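Welcome! Take a look at the structure below, and then we can go through it topic by topic.

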Amino acid sequence: MNSIQEGLLEMMTDIDRAFRECNVEYSLAYGSAIGAVRHGGFIPWDDDMDIVILDSDESKLDDVVAHLPEGKYFLQRPLTVDWANSFYKLRLNGSTAIEDTHLGTRMHQGLFVDIFIARSCPNPGIRRNLYMFLEHAQRGLRVMCFRNYGSTRRDVLQRALFWFYRRDLGMRRHLCGKKDRYIHMDEPTGAREVFERSLMESMTDIGFEGHSFRIVSDYDGYLTRVYGDYMTPPPEEERVGKHIMAYERDKDYKDWLKEHYSSGKS
């Protein structure tokens, strides 16, 4: 493991313990799930960690965070002036993990674990089609929001965009009925990530770098749907980290920005 992965493993060990103490289920997701299945831990070149929870457990995240070591973490909430996405990032205080698209912004830039939400999705039909239309409509809003990071003069525009963004989320929730049995990973990646809710209702433990974390029992079906042949690694030239451009474990991101990016916005 490299230093980034060592930090992520430390975080994930704390996160797993807190989720179990709060009786909240989660699953490794995306590259973290591939790593667990294919490598028994991290994909060797990976530089982030992803987990997913059901929308019915989203309100329990505050309780989970309260069970983490005091002062060690910061929960970056979605749809704030400094974070336009609809998922959460749990950040490690006192660390620096700069993503190039976030350089110079006001957001917390400590090492992070992404927490995605699996939201209710209508059964196939007209409501599903409208749901997916609204979900894809988020993309333009997200791009506009990202361009506003770090500028206090643009906060008014940012809040206006979020007003529409939240209405989009609200309309999608209203399209779902009690008999709908599907979920959609709340990222604009399309119908590949629509699954029956039962996927997130059956979990198992899986080995990960000598630890035991949670993953959906049908991890093969999940990963095959999203990635196809996930057991075959990509070409060697593509085996590089795609998120973190600079990392220091024991340096606060604000200090790092002052030293390396004097033109950063405040």
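Are Phe19 and Tyr26 buried or exposed? Both Phe19 and Tyr26 are buried. Please keep in mind that this is a predicted model. The points below begin with the chain as a whole and then turn to particular places.

**The chain as a whole**

- You will find seven helices and eleven strands in the chain.
- With a radius of gyration of 19 Å, close to the 18 Å that the globule rule gives for 266 residues, the chain is as compact as a globular protein of that length.
- Along the principal axes, the C-alpha atoms fill a box of roughly 55 × 45 × 40 Å.
- Of the 266 residues in the chain, 53% are buried.
- Among contacts with a separation of 6 or more, 69% are between residues 24 or more positions apart.

- Phe19 belongs to helix α1, which covers residues 3–21.
- Why does Phe19 count as buried? Its relative accessibility is 1%, and the cut-off for buried is under 20%.
- Setting aside neighbours within four places in sequence, Phe19 is in contact with Val24, Tyr26, Ile51, Ile53, Leu61 and Val64.
- For a sense of scale, Phe19 and Gly177 are 158 residues apart in sequence, and their C-alpha atoms are 28 Å apart in space.

**Aromatic pairs**

- How many aromatic pairs does a search of the whole structure find? The search finds eight.
- One of them is the tilted pair of Phe19 and Tyr26, with 5.2 Å from centre to centre and 45 degrees between the planes.
- Trp83 and Phe87 form an edge-to-face pair, with 5.4 Å from centre to centre and 85 degrees between the planes.
- Trp83 is buried, and Phe87 is buried too.
- Trp83 and Phe87 also belong to a cluster with Tyr30 and Phe116, linked by ring pairs.

**Charges over rings**

- Which residue lies over the face of Phe112? That residue is Lys89, at 3.5 Å from the ring centre.
- Over the ring of Phe195 sits the charged end of Arg225, 5.6 Å from the ring's centre.

**Helix α2**

- Helix α2 spans residues 30–39, and eight of its ten residues are buried, so the helix is largely enclosed by the rest of the structure.
- The buried residues of α2 are Tyr30, Gly31, Ser32, Ala33, Ile34, Gly35, Ala36 and Arg38.
- Tyr30, buried in α2, is the Tyr30 of the ring cluster with Trp83, Phe87 and Phe116.
- After α2 comes Gly40, which has a positive phi near 70 degrees.

- Strand β9 (residues 203–208) and strand β10 (residues 211–216) run antiparallel and are joined by six bridges.
- Which residue of β10 is the bridge partner of Thr204? The partner is Ile215.
- Two residues lie between β9 and β10 in this hairpin, and Glu209 in the turn has a positive phi of about 50 degrees.

How values were computed. Residues numbered from 1 in each chain as written. Predicted model: local features only at pLDDT ≥ 70, side-chain atom pairs only at ≥ 80, totals over all residues. Heavy atoms only, no water. Pairing = 2+ DSSP bridges. Helix = DSSP H or I, 4+ residues; strand = E, 2+ residues; numbered from the N terminus. Phe/Tyr/Trp six-rings, centres within 6.5 Å; stacked < 30°, edge-to-face > 60°. Buried < 20%, exposed > 50% of the residue type's maximum accessible area, 1.4 Å probe, protein only. Lys NZ or Arg CZ within 6 Å of the ring centre and 35° of its normal. Rg over C-alpha atoms; globule rule 2.2 N^0.38 Å. Contact = heavy atoms within 4.5 Å.
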